Amino acid sequence: MSAATLEVGAVVAEKTLVLTRDSLVRYAGASGDFNAIHYRDDIAQSVGLPGVLAHGMLTMGVAVQPVVDWLASDEAPGAGGWVSDYQVRFTRPVPVDATTGAELSIVAKLGQLDTEARTARVDLTVTFDGQTVLGKAQVRVAWA
């Protein structure tokens, strides 16, 4: 696919994924964020939370993966695409059930396209249980 065939508003990637308590443990080990609200329900509930929550940065990190996969696919606008900027606002926590985890839905739409500059803005909609968990989630991408 070339950039000429892309249109603003087009969905370029969609993915549903499940964060589990195992995901949280692995992220804690990698990031060094061992805040007990990410692994102990009693601690999370003692501070008014519904239970163990996903790390915000973990949610942010997994949410951009469909865009990274799109850039590496044959559907990308050009070879060698990369993420040049990525920003989000954390709007809602993601509680992670001990048994079922937390299912995140990610939809990536083209929000802006500049074929001459070989850049685009991809807007992410990331939801859990029907509610948006990342606000103004925007990924700037570029390609060769």
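**Notes on the predicted model**

1. R118 is partly exposed, with a relative accessible area of 41%. The residue sits in the loop between strand 3 and strand 4. Its phi is positive, about 60°, although R118 is not a glycine. Please bear in mind that this is a predicted model.

2. D129 lies in the loop between strand 4 and strand 5. Is D129 buried or exposed? D129 is exposed, because its relative accessible area of 69% is over the 50% cut-off.

3. Now the overall architecture. The protein has 3 helices and 5 strands. From the N terminus, the order is β-α-α-α-β-β-β-β. The C-alpha atoms fill a box of roughly 55 × 30 × 20 Å along the principal axes. Among contacts with a separation of 6 or more, 68% join residues 24 or more positions apart.

4. Next, burial and surface. The protein has 144 residues, and 39% of them count as buried.

5. On charge, the protein carries 11 positive and 16 negative side chains. The centres of the two sets lie 6 Å apart.

6. In soluble globular proteins, nonpolar side chains tend to be buried together. Here the largest nonpolar core has 36 residues. Those with the most contacts inside this core are V67, W70, Y86, V122, L124 and V141. At least two core residues come from each of strand 1 (11–19), helix 3 (56–71), strand 2 (82–90), strand 3 (102–114), strand 4 (119–128) and strand 5 (131–142). Helix 3 gives the largest share, 7 residues.

7. Which residues does L124 contact, leaving aside its neighbours within four places in sequence? They are A63, V64, V67, Y86, I106, V107, A108, A137 and V139. V67 and Y86 are also among the residues with the most contacts inside the core.

8. R21 is an arginine to check by eye. R21 belongs to helix 1. R21 counts as buried, because its relative accessible area of 18% is under the 20% cut-off. A polar atom of the R21 side chain lies 2.7 Å from the backbone oxygen of V96. Leaving aside neighbours within four places in sequence, R21 is in contact with D41, V52, V96, D97 and A98.

9. S31 is partly exposed, with a relative accessible area of 37%. Its side chain reaches the backbone nitrogen of D33 at 3.1 Å. How far apart are S31 and H55 in space, C-alpha to C-alpha? The distance is 9.9 Å, for two residues 24 apart in sequence.

10. L124 is one of the residues with the most contacts inside the largest nonpolar core.

How values were computed. Residues numbered from 1 in each chain as written. Predicted model: local features only at pLDDT ≥ 70, side-chain atom pairs only at ≥ 80, totals over all residues. Heavy atoms only, no water. Helix = DSSP H or I, 4+ residues; strand = E, 2+ residues; numbered from the N terminus. Buried < 20%, exposed > 50% of the residue type's maximum accessible area, 1.4 Å probe, protein only. Contact = heavy atoms within 4.5 Å. Lys, Arg positive; Asp, Glu negative; His and termini not counted. Charge placed at Lys NZ, Arg CZ, Asp CG, Glu CD. Core = buried A, V, L, I, M, F, W, Y, C linked by side-chain atoms within 4.5 Å. Polar contact = N/O pair within 3.5 Å; in protein donor to acceptor, adjacent residues only side chain to side chain.
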